[in-house]
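Take a walk through the structure below.

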Amino acid sequence: MPDIPVGAQIFDFAFHPNQPLVCTGLLTGHIKAFTYDEQGNHEAKFSLRPAKKSCRALAMSADGGQLWAAGKAKAIHTIDVGTGEVVDTRAGAHDAPINRLKRLLPTLLASGDDDGVIKLWDPRKPDAVRKYTHHFDFISDFMWLDDKKQLVATSGDGSLSVMDVRSKKAEPIAQSEDQEDELLSILPIKGGQKVVVGTQLGILSIFNRKSGWGDCVDRIPGHPQSIDALCAIPSHYPNAHSTILTGSSDGLLRAVQLLPTKLLGVIADHGEFPIERIAVDMSGEGRWVGSAGHEESLKLTDLKEVFEDEDNEGSDEAESDDGAEEGDAVLNEVDSEKAEEEDDVVPAQVGASTSIEREDGDPEEARLPSDAEEDMGEEPRKRKRKKEKDPLNMSKRKKGKNEVEAEPAFFADL
């Protein structure tokens with residue numbers, strides 16, 4: 001699909017959960033929405049500017065009816081996606097510019113700012129329901145664990161924290177040690193049992209939930225620059241539980257398989273512009289993956305062309321392997337038939353001789369014809385006799401302290 005031009009740098013974008021619609025938040029403060037189709041055509045739906053300062057974060061409701069936007073103006077705006085109008089504004093929601101938004105539940109929204117402050121919001125109430133201040137640097141990303149109703153946040157201070165939204169305490173239930181690197185993105189893998197975190201140095205850190213959140217259990221290098229964004233692939237693709245998409249500052253969108261680690265290929269190339277946001281449409285189960293960098297356009301890449309081509313190549317190789325196995329089986333059958341035919345033929349014994357009694361009683365050896373004599377090889381080897389064992393083990397027996405060696409002839413004269 002051709003890129004969707006938006007006219008300014010994209011800070012964040014959000015797909016509609018069940019319609020081909022994408023909303024973008026721009027450096028100029030504009031929020032622009034576009035519809036698209038499978039043929040690559042796109043059309044602008046609405047455009048508005050709720051604040052004059054940049055729009056850094058977007059989040060869509062579960063039904064796609066509402067869009068929350070926040071940014072440098074420190075306010076959270078609620079936008080009706082159907083009409084493209086602002087229906088609510090929470091001015092001064094944070095004391096610092098807001099960097100991330102995440103919808104957790106139908107009635108719960110999380111926000112994080114540049115000072116490391118995290119707030120939980122009920123869209124039906126004007127004030128925040130909870131506030132966390134344990135981080136001291138910007139909040140880079142959120143991850144929601146629905147099974148435990150826990151919110152995991154990564155920060156530029158080098159740690160991640162876990163908050164139970166059901167608890168009334170304004171402190172995390174767990175926080176990792178300082179990883180000595182900025183944590184920029186986070187994503188669950190292996191059915192939510194493990195978590196992968198992207199860092200400033202280009203290393204993927206693996207956390208195991210069963211081992212706790214204190215420290216990572218594995219570190220996977222390989223990216224030349226920082227990993228600013230992570231995204232899962234649709235679940236109907238093979239190895240979807242361990243295959244992720246990574247957006248790096250070198251401008252490449254990669255498909256990486258984890259545990260075991262393998263670079264599957266490059267999905268999209270943004271050139272010199274770093275990739276800061278990636279997402280898959282239709283609630284993560286769609287066909288298109290969007291990626292945004294510092295250029296003034298949104299790039300949509302068809303995942304169907306990437307992953308299904310790999311599957312077809314794999315099936316062709318499997319078919320060729322099956323054909324080779326069938327050919328080997330046929331050859332084995334032919335060889336076995338030949339071996340059976342050779343077994344039916346009894347070979348003549350080389351060097352065999354018979355004795356014929358003549359009338360005078362002198363035996364006369366009747367040998368094989370001369371042709372057979374010429375074909376005869378070397379004379380048969382003589383049979384070697386085994387050495388008789390020493391029944392008393394005299395050769396290996398050690399000499400006693402008072403024992404005297406004597407020849408057998410000494411006892412013959414006694």
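This is a predicted model: local features need pLDDT of at least 70, side-chain atom pairs count only at pLDDT 80 or more; totals for chains, interfaces and linings use all residues.

Residues are numbered from 1 along each chain as its sequence is written, and side-chain values use heavy atoms, with hydrogens and water left out.

The chain holds 3 helices and 30 strands. Both are DSSP runs, numbered from the N terminus: helices are H or I with at least four residues, strands are E with at least two. Of its 414 residues, 43% count as buried. Buried means under 20% relative accessible area, exposed means over 50%, and partly exposed lies in between (1.4 Å probe, protein chains only). The chain exposes about 24,100 Å², and carbon and sulfur atoms supply 47% of that area. Accessible areas come from the Shrake-Rupley method with a 1.4 Å probe; for residues, only the protein chains shown count as cover. Among contacts in the chain with a separation of 6 or more, 42% join residues 24 or more positions apart. A contact means heavy atoms within 4.5 Å.

Start at Asp12, in strand E2 (residues 10–15). Is Asp12 buried or exposed? Asp12 is buried, because its relative accessible area is 6%. The Asp12 side chain reaches the backbone nitrogen of Leu58 at 3.0 Å. That side chain also makes a polar contact with the side chain of Arg277, at 3.3 Å. A polar contact is a pair of N or O atoms within 3.5 Å; within protein, one must be able to donate a hydrogen and the other to accept it, and residues adjacent in sequence count only if both atoms are side-chain atoms. Beyond four places in sequence, Asp12 touches residues including Cys23, Arg56 and Arg100.

Leu58 lies in strand E6 (residues 55–60). Its relative accessibility is 5%, so Leu58 counts as buried.

The whole structure has 1 cavity of 30 Å³ or more. The largest cavity contains about 70 Å³ of space. Its lining has 14 residues, and Ala51, Ser54, Ala70, Gly71 and His77 are the closest to its centre. Strand E7 (residues 66–71) gives the most to this lining, with 3 residues. A cavity is a set of points on a 1 Å grid over the protein atoms alone where a 1.4 Å probe fits but cannot get out; lining residues have an atom within 4 Å of a point. Points are joined across faces, edges and corners, and a volume is the space filled by probe spheres set on them.

The loops hold some backbone details. Lys74 sits in the loop between E7 and strand E8 (76–80). Lys74 is not a glycine, yet has a positive phi of about 70 degrees. Lys74 is partly exposed, at 32% relative accessibility. Met282 also has a positive phi, of about 55 degrees. Met282 lies in the loop between strand E26 (277–280) and strand E27 (288–292). Finally, the peptide bond from Leu259 to Pro260 is cis, with omega near 5 degrees.

Conventions: On a 1 Å grid over the protein atoms alone, a cavity is a set of points where a 1.4 Å probe fits but cannot get out, and a pocket is an open set with protein on both sides within 12 Å along at least five of seven lines; lining residues have an atom within 4 Å of a point.
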